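Here is a short briefing on one protein model. Look it over first, then read the points by topic.

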Amino acid sequence: MLKPQISSATETVAASMPLLEFDRIGLEYPFEESMRTIVQEITLSVQPGEFVTFVGPSGCGKTSILRMVSGLSPTKIGELRCHNQPVTRPLKNVGIAFQNPVLMPWRRTIDNVLLPLEIVSPYKRDFKTNRPHYLEMAQKLLKAVGLNDFQQQFPWQLSGGMRQRASLCRALIHQPEILLLDEPFGALDAFTREEMWVMLQNLWMEAKCVGMLITHDLREAVFLSDTVYVMSPRPSEIAFKLKIDLPRPRTLEMCLSDEFAHLAAELRRHIHKS
Ligand SMILES: Nc1ncnc2c1ncn2[C@@H]1O[C@H](COP(=O)(O)OP(=O)(O)OP(=O)(O)O)[C@@H](O)[C@H]1O
């Protein structure tokens with residue numbers, strides 16, 4: 001709805017322009033008396049609508065990278081660009097879902113989903129006058145994830161999987177161009193997690209946004225991604241890039257195929273323990 005309109009003359013150029021560019025990005029944190037290098041140097045680009053995943057050993061800087069993309073922790077070494085502009089402050093076109101879906105316990109599910117519209121420009125300006133329209137958007141999302149009958153429940157009345165589904169709806173309600181996912185299904189059991197892969201794929205295909213996922217689950221990475229980046233141990237860099245060309249929409253039956261197993265094994269081979 002509020003996505004930028006581009007004329008057909010510029011469409012061809014825009015289609016080939018990356019949405020995100022990591023240009024020799026590094027990362028250091030203070031450690032004891034000096035600075036410790038976490039990320040050595042990362043250069044890559046993400047196309048509009050691409051789903052990319054970062055996998056790698058614990059502590060190699062995956063979450064820190066997502067924070068850079070969100071603009072919450074702007075890059076100090078190298079440059080991160082969104083739409084060719086350096087990211088120097090929190091981006092508005094980003095939705096975020098974490099492993100722990102932090103929903104407000106005093107707000108009903110529907111009101112938790114609506115929350116970003118109350119605080120993110122340009123929605124907050126007309127939130128009250130446009131509420132019926134926004135309510136419809138939130139209801140559509142909740143319906144898409146099977147929570148139609150739980151709109152009026154409080155978070156503590158939902159299961160872990162349901163809370164995570166509501167949190168994904170909340171991350172997408174303001175139609176972000178970039179959806180950041182930090183181990184969103186890490187706390188769920190294996191069966192629920194696989195259901196969530198399918199549901200997330202559907203939401204992402206409908207939203208046509210960039211997906212950027214961190215996970216320790218290599219099958220999850222293969223199922224969801226167009227591109228998987230394997231990071232090396234700290235001080236990290238991209239050790240391996242794997243394109244996943246499985247057709248979409250992907251199904252859970254595909255996880256049983258030799259091709260799927262081969263792709264997951266290929267990732268496993270390139271992961272080193274820190
Ligand atoms: N604010 C901070 N100040 C100092 N060091 C930090 C800070 N945030 C993260 N670190 C350090 O940076 C490293 C990378 O952390 P990060 O959370 O990005 O890694 P990760 O790859 O996401 O790890 P995991 O897979 O275990 O979640 C860790 O060694 C961590 O201790």
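A residue is called buried if 20 or more other C-beta atoms lie within 10 Å of its own. By that test, 33% of the 274 residues of the protein count as buried. Keep in mind that this is a predicted model.

**Overall build**

- The protein has eight helices and ten strands.
- Its radius of gyration is 19 Å, close to the 19 Å that the globule rule gives for 274 residues, so the protein is as compact as a globular protein of that length.
- Along the principal axes, the C-alpha atoms fill a box of roughly 50 × 50 × 40 Å.
- Take the contacts with a separation of 6 or more: 73% of them join residues 24 or more positions apart.

**Annotated domain**

- An unreviewed UniProt entry lists residues 20-258 as "domain: ABC transporter".
- Over residues 20-258, the chain is 31% helix and 28% strand.
- The end C-alpha atoms of that stretch are 33 Å apart.

**Nonpolar core**

- The largest nonpolar core holds 64 residues.
- Helix α5 gives the most to this core, with five residues.
- Val69, Cys169, Leu179, Leu180 and Met212 have the most contacts inside the core.
- What does methionine 212 touch, leaving aside its neighbours within four places in sequence? Its contacts are Val52, Leu66, Val69, Ile178, Leu179, Leu180 and Leu181.

**Helix α3**

- Helix α3 covers residues 109-119.
- Which of its residues are buried? They are Thr109, Asn112, Val113, Leu114 and Leu117.
- These buried residues pack against two other helices, α4 (131-144) and α5 (160-172).

**Around the ligand**

- The ligand is surrounded by Tyr29, Pro30, Ile38, Ser58, Gly59, Cys60, Gly61, Lys62, Thr63 and Ser64.
- By class, this shell has four nonpolar, five polar and one charged residues.
- Which elements each supply at least two residues of the shell? They are β1 (20-31) and α2 (62-70).
- Helix α2 gives the most to the shell, with three residues.

Definitions and conventions: Residues are numbered from 1 along each chain as its sequence is written. This is a predicted model: local features need pLDDT of at least 70, side-chain atom pairs count only at pLDDT 80 or more; totals for chains, interfaces and linings use all residues. A residue is buried if 20 or more other C-beta atoms lie within 10 Å of its own, exposed if 12 or fewer, and partly exposed in between; C-beta atoms are placed from the backbone. Helices (H or I, at least four residues) and strands (E, at least two) are DSSP runs, numbered from the N terminus. Two residues are in contact if their C-beta atoms, placed from the backbone, lie within 7 Å. A nonpolar core is a set of buried Ala, Val, Leu, Ile, Met, Phe, Trp, Tyr and Cys residues joined through C-beta atoms within 7 Å. The radius of gyration is taken over C-alpha atoms; the globule rule is 2.2 Å times the number of residues to the power 0.38. A residue is near a molecule or strand if its C-beta atom, placed from the backbone, lies within 6 Å of it. Ala, Val, Leu, Ile, Met, Phe, Trp, Tyr, Cys and Pro count as nonpolar, Asp, Glu, Lys and Arg as charged, and the others, Gly among them, as polar. UniProt positions are given in the numbering used here, feature names are shortened, and annotations may be inferred rather than shown by experiment.
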